[in-house]
Amino acid sequence: MALISGTLAAADLRALGTVFKDSYAANTHKAYRRAVERFGSFLAGRPADDAGVAAFLTAEAERGLAPASLSIFVAAIGAAARSSGGADPRGPITRRTLRRLARRHAGRGRGQVAGLKREDVEAAARLAAEEGGLPGLRDAALLRLGSDGFLRISELAAVRVDDLEASGDGSGRLALPRSKTDQEGRGETLYVCRATMAALTAWRRASGVASGPLFRGVSKDGARVAGTALSVGAIRSVIQRRSMAAGVEGRVSGHSLRVGSAQSLVAAGASTAELMQAGRWTDPKSAARYAANELAGRGAVARYFEDAEE
């Protein structure tokens, strides 16, 4: 196998996948295979050595992966090396890098991802739409819909034209077939604001997208729309690029729309129950983590001790 000499070939991946499947539980097999595929893509012909593994981990951490996920990647690389019969590329640089990334991540939690609040989304969407071209109109609609629906980037990638329904007052409804917390596949119906429906209409009219995936790639010349859905990675890039253009500071990730929507909703006075319903959380603690600062500002200490000292 080609792990130690550089990029993994398709045949190598299939062989490693079989080894992992035979040796590990189903979930571990899937995680290891995914990790090896991403490492192979990252190498792009470069040698798989200690420095290469460290660089890979650093790149993944910049994309928002937590130390626990990085540790799985490290274990998968070691397992692939053993399966290939080659030398283990992991070494002291890998170990130091993993410790450094863990220290940097310590205490962060989800809240350390910059949340794209409603005003941030408004600014980023407005700037994108003002460009006038297909990419700008698409990105404006994508940002607004993601904010309205507390959507994960995988959910944004899966939205189809038929999932949207317009209402008489200009607002809309989005049928979400299945979400991360909806393991029974019952689906959800989400409210879509009027401004978002207007942005979606502008994108669809300009692009000619009448059915199938709603958000799609656009050719480099900005004149043609792809037939397939925009990938999760491309959507993450849209969110990061448009946020930067709007002057948003902090570490923006694909989760920033969901985090910011939670923060804005609580800041506007929503209860924990309302937040759970909007974000489709089943556990109050999970919902509260997304808007911890805003909830603290509405807690008993803020309300009673501040008033008593004035």
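Tutor: A pocket is an open set of grid points with protein on both sides within 12 Å along at least five of seven lines. Keep in mind that this model is predicted.

Student: How much space lies in the second largest pocket?

Tutor: About 240 Å³.

Student: Which residues lie nearest the centre of that pocket?

Tutor: D148, F150, Y191, L265 and A278. The whole lining has 14 residues.

Student: Which elements give two or more residues to the lining of the second largest pocket?

Tutor: Two or more residues come from each of α7 (134-149), β3 (188-192), α11 (256-267) and α12 (272-279). By class, the lining of this pocket holds six nonpolar, six polar and two charged residues.

Student: Let's follow α7. At what angle do α7 and α9 pack?

Tutor: The angle is about 150°, and the axes are 8 Å apart. Helix α9 covers residues 194-207. Angles over 145 degrees count as roughly antiparallel. Therefore α7 and α9 are roughly antiparallel to each other. The crossing of α7 past α9 is left-handed.

Student: Which residues of α7 and α9 meet?

Tutor: From α7, they are L134, L137, R138, A141, R144, L145 and D148. From α9, they are A195, T196, A199, L200, A202, W203, A206 and S207. This contact of α7 with α9 counts ten nonpolar, two polar and three charged residues.

Student: How do the axes of α7 and α10 cross?

Tutor: They cross at roughly 95° and come within 11 Å. Helix α10 spans residues 232-245. The range for roughly perpendicular is 65 to 115 degrees. So α7 is roughly perpendicular to α10. On the α7 side, P135, G136, R138, D139, L142 and L143 take part. They meet I235, V238, I239, R241 and R242 in α10. The classes in the contact of α7 with α10 are six nonpolar, one polar and four charged.

Student: And α6 with α7: at what angle do their axes cross?

Tutor: Roughly 165°, with the axes coming within 7 Å. Helix α6 runs over residues 118-130. The helices α6 and α7 are therefore roughly antiparallel to each other. Here too, α6 passes α7 in a left-handed crossing.

Student: Which residues make the contact of α6 and α7?

Tutor: α6 supplies R118, V121, E122, A124, A125, A128 and A129. α7 supplies G136, L137, D139, A140, L143, R144, S147 and D148. By class, the contact of α6 with α7 has eight nonpolar, two polar and five charged residues.

Technical notes. Residues numbered from 1 in each chain as written. Predicted model: local features only at pLDDT ≥ 70, side-chain atom pairs only at ≥ 80, totals over all residues. Heavy atoms only, no water. 1 Å grid on protein atoms, 1.4 Å probe; cavity = no way out; pocket = protein on both sides within 12 Å on 5 of 7 lines; lining within 4 Å. Points joined across faces, edges and corners; volume = space filled by probe spheres on them. Helix = DSSP H or I, 4+ residues; strand = E, 2+ residues; numbered from the N terminus. Nonpolar A, V, L, I, M, F, W, Y, C, P; charged D, E, K, R; others polar. Axes fitted to C-alpha atoms, helices over the stretch in contact; angles between N-to-C directions. Parallel < 35°, antiparallel > 145°, perpendicular 65-115°, else oblique. Left-handed = near helix turned anticlockwise from the far one by under 90°. Contact = heavy atoms within 4.5 Å.
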